[in-house]
Amino acid sequence: MTSYLLRRLLGALVVLLVLSAVVYAIFYLMPGNPALLACGKGCTPDHLKVIEHQMGVDQPIWVQYWHFLQGIVVGQDFSAGPTVDHCPAPCLGYSFQTDEPVLSLLLDRLPVTLSLTLGSLVLWLVAGVVAGVISALRRGRAADKVVTVTTLAGMSAPTFLVGILLLMLVCAYLRWLPFPSYIPLLEDPAGWATNLILPWITLAIVQAAVYTRITRTAILETMAEDHIRTGRAYGLSERAIVSRHALRSALTPLVTLVALDLGALLGGAAITESVFGLPGLGLLLVDSVRVVDLPVVVGLTLLSGFFIVVANAVADLLYAVADPRVKVLDSGRRRIRGTA
């Protein structure tokens, strides 16, 4: 297990390094001058040269990328005339618009996106797995057809349309809930949950539909395997077969999907946050792209990639917990390599 963890850690570091190179190439080496964006309106040629020197864009490309990596790992110094400001690691630069550290902007918005993502994750996991199991065990019956139609409708519904309809129905017409506004969890737990119910449901509707289809397919495939038939032959009840064996084996593809979805949403659920006006990472990304705030866009892209890489590494470790057959397969591969 230790060697496996080390291999996964090394692989994650390599992926993050490649990701940083790709992000840097896309945003900083594309046609255009980042210093001109930072210089702003009314920029004179002399002032532009000063900005270029401060940002280091007048240096060779490999030196610029090295300083970019150095800022992430150990921090970076930024010269602002006679003074020098130190940006501690992980330094992602300063916003062109607010002149604040990008990392501070991301950390300020992260709790909002965390609240939105984790709350909706619970909803779509519970709804998707339960509906998928019911549909698989009632294959061809009325319950299966109802779940199938509902799933297709959920997968076809655009997120922004679901959010707008919920706002109009629940908040404007029925007035069951106030229009959402983010309240910190520690400040008012009840208000926090009340204001996030509609955003949670909006994200969960589309995601739960996908998880329902995957759970149904995985359960049907697992129920046809030999160890399930063996369990029935030994007299195990259908409930025990489904809960202890079929469902646990079917969770393996869901672990991968959860890792991908969770990592992507933590990087910013832009549409949902924009519809409900939640000041999270997604809304920050939309605003930064609109005003071409390059350091913030780069920081958000790297953060999203970091979440996805970490989530996938954790998913690999959870495979053996969800499905014991993974341990057997891994042990067999090691024995074969040792024999060879």
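A disulfide is a pair of cysteine sulfur atoms within 2.5 Å. A search of the whole structure finds one. The structure here is a predicted model, where local features need pLDDT of at least 70 and side-chain atom pairs count only at pLDDT 80 or more, while totals for chains, interfaces and linings use all residues. Residues are numbered from 1 along each chain as its sequence is written, and side-chain values use heavy atoms, with hydrogens and water left out.

Start with the disulfide. Cysteine 87 is joined to cysteine 91, with an S to S distance of 2.3 Å. The link of cysteine 87 and cysteine 91 is right-handed, with 110 degrees about the S-S bond. Buried means under 20% relative accessible area, exposed over 50%, and partly exposed in between (1.4 Å probe, protein chains only). Cysteine 87 has 5% relative accessibility, so it counts as buried. Cysteine 91 is buried too, because its relative accessible area is 4%. Cysteine 171 also counts as buried, at 5% relative accessibility.

Now turn to the open spaces. Rolling a probe the size of a water molecule over the atoms shows where empty space is left. On a 1 Å grid over the protein atoms alone, a pocket is an open set of points where a 1.4 Å probe fits, with protein on both sides within 12 Å along at least five of seven lines; lining residues have an atom within 4 Å of a point. Grid points are joined across faces, edges and corners, and a volume is the space filled by probe spheres set on the points.

The largest pocket holds about 930 Å³ of space. Its lining has 28 residues, and Gln54, Met55, Phe78, Gly93 and Tyr94 are the closest to its centre. Two or more lining residues come from each of helix 1 (2-28), helix 3 (45-55), helix 4 (61-73) and strand 1 (76-80). Strand 1 gives the most, with five residues. Helices (H or I, at least four residues) and strands (E, at least two) are DSSP runs, numbered from the N terminus. This lining divides into 14 nonpolar, eleven polar and three charged residues. Here Ala, Val, Leu, Ile, Met, Phe, Trp, Tyr, Cys and Pro count as nonpolar, Asp, Glu, Lys and Arg as charged, and the others, Gly among them, as polar.

The second largest pocket has a volume of about 520 Å³. It is lined by 18 residues, with Leu16, Ile72, Pro90, Leu302 and Phe306 nearest its centre. Helix 1, helix 4, helix 5 (102-137) and helix 13 (294-322) each supply at least two. Helix 1 gives the largest share, five residues. The lining has 16 nonpolar residues, two polar and no charged.
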